[in-house]
Amino acid sequence: TTITKPVKNTSGGYWMALSNPYPAKLSIEKFIQDNQANIQGGVVYTFDGTTWDDLDQGDISHTDGFFVNLKSSSPKSITFNKEQLTNYNQSKKAKKTTEYIELSLQTGRKKSKIRFNHNPQAEQTYDAFDANKMFSPVKMTEPYFVTDGVALSKEEVRELPYTATLNVRSFMDREVKFVADNIPEGYVVFLLDNGQDIRMTNGTEYTTNVTEGENADRFQLLVKKQEGIERATSNEIVIKNDNRQVRIHSQIPNLNIEVYNSIGQKVFETKDYNFTLNDLSSGAYLVKAFYGRVAQTAKIVIH
């Protein structure tokens, strides 16, 4: 039951703004039947930005808003339930549940989770199937997806394979443990850590150390539907190095390519997928190739 503070109108009723809270279509007819004692006129009102419609049948899509006019003598409340969903009986028999791949990060007794799902209805960019990460004022180590500058706790994408950039934020240098769970049959999951590919099966634990602050570019979550890592397909990026000769293999155009030294200073940048590092001193470097929400990094050593 949703209870709000309605606004009194000139017809003696009270306007209430609502939205469909379910990830499925809400039947207007069933909704009105359950609330007919409270709703004036037996209709709901929708607005498309230009015109108003009063409807007694049809559907309200997920998260779409609408209005009702409550009777002045009724309790100022509205009831929602799953039986009001379109084709609820059929969906109930199917008992279809969304399978989310879960990746948790543990530090001592603290644990935080993110969830990832392959959904043919989702967009590759941030949309209604994703969920924002709500930051706590307490600075604790936690993973979250980084999507076009939006921090997410849940991400759903339409196409696989997919590489999701992760961020691990910490207020101190510390040891952390990644744990994978609920990986559906037929899916393959890798945690990418600075070019190292860690196969994550249900219950797999990967322990490493993170530095103080944001670790936004170090980790990625790679999800595929087939065995192995087939490089340079879809939105994947492969970084190859032969001493000072670096090659980027990817179908993504206009990648930004940056090179960092061992203390995190950017020492080189280019848009060329084939380049040399003749002006750099011998040593270890980090190559980062990225575009929007897709990124890959690799540690290289030049002599």
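The following questions and answers concern a predicted model.

User: Is N215 buried or exposed?
Analyst: N215 lies in strand β20, which spans residues 213-215. Its relative accessible area is 8%. Buried means under 20%, so N215 is buried.

User: Which side chain does the side chain of N215 join in a polar contact of 3.1 Å?
Analyst: The side chain of N215 also reaches a backbone atom, the oxygen of G213, at 3.4 Å. The side-chain partner, at 3.1 Å, is T211.

User: Leaving aside neighbours within four places in sequence, which residues are in contact with N215?
Analyst: T211, joined to N215 by a polar contact, is left aside here, being within four places in sequence. Contact requires heavy atoms within 4.5 Å. The residues that remain are L166, N167, V168 and V210.

User: Is Q121 buried or exposed?
Analyst: Q121 sits in the loop between β11 (110-118) and β12 (131-132). Its relative accessible area is 62%. Exposed means over 50%, so Q121 is exposed.

User: How many Å apart in space are Q121 and R158, C-alpha to C-alpha?
Analyst: In sequence, 37 residues separate Q121 and R158. In space, their C-alpha to C-alpha distance is 6.2 Å.

Note on methods:
Residues numbered from 1 in each chain as written. Predicted model: local features only at pLDDT ≥ 70, side-chain atom pairs only at ≥ 80, totals over all residues. Heavy atoms only, no water. Helix = DSSP H or I, 4+ residues; strand = E, 2+ residues; numbered from the N terminus. Buried < 20%, exposed > 50% of the residue type's maximum accessible area, 1.4 Å probe, protein only. Polar contact = N/O pair within 3.5 Å; in protein donor to acceptor, adjacent residues only side chain to side chain.
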